[in-house]
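Please open the model in your viewer and keep the selection tool at hand. The stops below say what to select next and what is there.

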Amino acid sequence: MTVYKIAIAFPTGPCFGVDRALKLTREVLKYKKPVYMLHPIIHNPRVVSELERQGVVVSPPENVPEGGTVILSAHGTPQEIKSLLKDKGADVIDAVCPLVEHLHRKAREMIDEGRFLIIVADPHHQETRALVSHLPEGKYAFYKDIGSIPQGQPLGVIFQTTYEYAKVPDILKDIYSLSDDIRIVNTICPATRGRQGVIDKVGHKYDFIVVVGGKNSANTRRLYEKALRYADAIWIEQAKDINVESLGYHRNILIVGGASTPIEHLIEVYLHFKKVIQ
Ligand code: SF4
């Protein structure tokens, strides 16, 4: 009989901020329905469908009715959207993660110190859009536009909370050439570091890595890209997406989930493998 090794990587599952927002939503649903969300609270279609069945309505802010109950994302919400909801008299519950609020505070602090702020982030990410809505125009730029940042002035540097830690040293090398007065605040979330780091720690021990998570989750995509550096890998949303043929000759299987993948989804995949190959 062929012997397979199958393991689930830890740490895994939703980060503290998303887990907190999910718990808050489920608590509010006990007392109020519907509860509006401006976009899915977690980048996981299965979890979002379950919430919709319980009374969550995902809707753009313009369509939230007067006085409706709205839960705002763990990743932060742009100021203009908060103002629009206020004008509608919405009952707003802000589930922003305390670590995202910390990022906002540090960004403003460095601008108040007279520093030009470099934001190392994806400008289109929801967290980044919320962040820049709190900042004065002309006082910041994104790292990707580093060529346009004037040299020789005091600089501040912050990172998207989910930024890939391994890229930081090269980025800082670029930034160090711009000024002698640079303050760097490491705003990369420990939950992100732990989850990204798990593949670096144990990925080499496996020859097949199964990444489980929503296809709309940026951090799950990064995990998948990282997994490919160590082994053959597939990216699935749920156990029924597994094609056992894809295992080929592989015998050592690691199952890993993104920050938006509940642990139950990983256990489902684990049990599925156990059932079909052992
Ligand atoms: S990744 Fe970190 S900062 Fe972002 S929501 Fe989760 S716990 Fe908060």
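Begin by selecting helix 7 and helix 8, whose crossing is right-handed (a crossing is left-handed if the near helix is turned anticlockwise from the far one by less than a right angle, and right-handed if clockwise). This is a predicted model, in which local features need pLDDT of at least 70 and side-chain atom pairs count only at pLDDT 80 or more, while totals for chains, interfaces and linings use all residues. Residues are numbered from 1 along each chain as its sequence is written, and side-chain values use heavy atoms, with hydrogens and water left out.

Helix 7 covers residues 190–202 and helix 8 covers residues 218–230, and the two pack at an angle of about 10° with their axes 9 Å apart; helices here are DSSP runs of H or I with at least four residues, and strands are runs of E with at least two, numbered from the N terminus. Axes are lines fitted to C-alpha atoms, for helices over the stretch in contact, and angles run from 0 to 180 degrees between N-to-C directions. Helix 7 and helix 8 are therefore roughly parallel to each other, a term for angles under 35 degrees. To see the contact (heavy atoms within 4.5 Å), show R195, Q196, I199 and D200 of helix 7 together with R222, L223, K226, A227 and Y230 of helix 8.

Next, select helix 1 (residues 16–29) and helix 2 (residues 45–54), which pack at an angle of about 15° with their axes 11 Å apart. That makes helix 1 roughly parallel to helix 2, and the crossing of this pair is left-handed. On the helix 1 side the contact is made by L22, T25, R26 and L29, and on the helix 2 side by V47, E50, L51 and Q54.

Then go to the loop between strand 1 (5–8) and helix 1, where P11 is placed; the peptide bond from F10 to P11 is cis, with omega near 5°. In the loop between helix 1 and strand 2 (35–37) you will find P34, which a cis peptide bond joins to K33, with omega about -5°.

Finally, colour the chain by its domain assignment (bounds of this kind come from an automatic or database assignment), which gives domain 1 (5–13 + 191–277), domain 2 (16–97) and domain 3 (99–189). The C-alpha centres of domain 1 and domain 2 lie 29 Å apart, and their contact takes 10 residues from domain 1 and 6 residues from domain 2.

Key:
Parallel < 35°, antiparallel > 145°, perpendicular 65-115°, else oblique.
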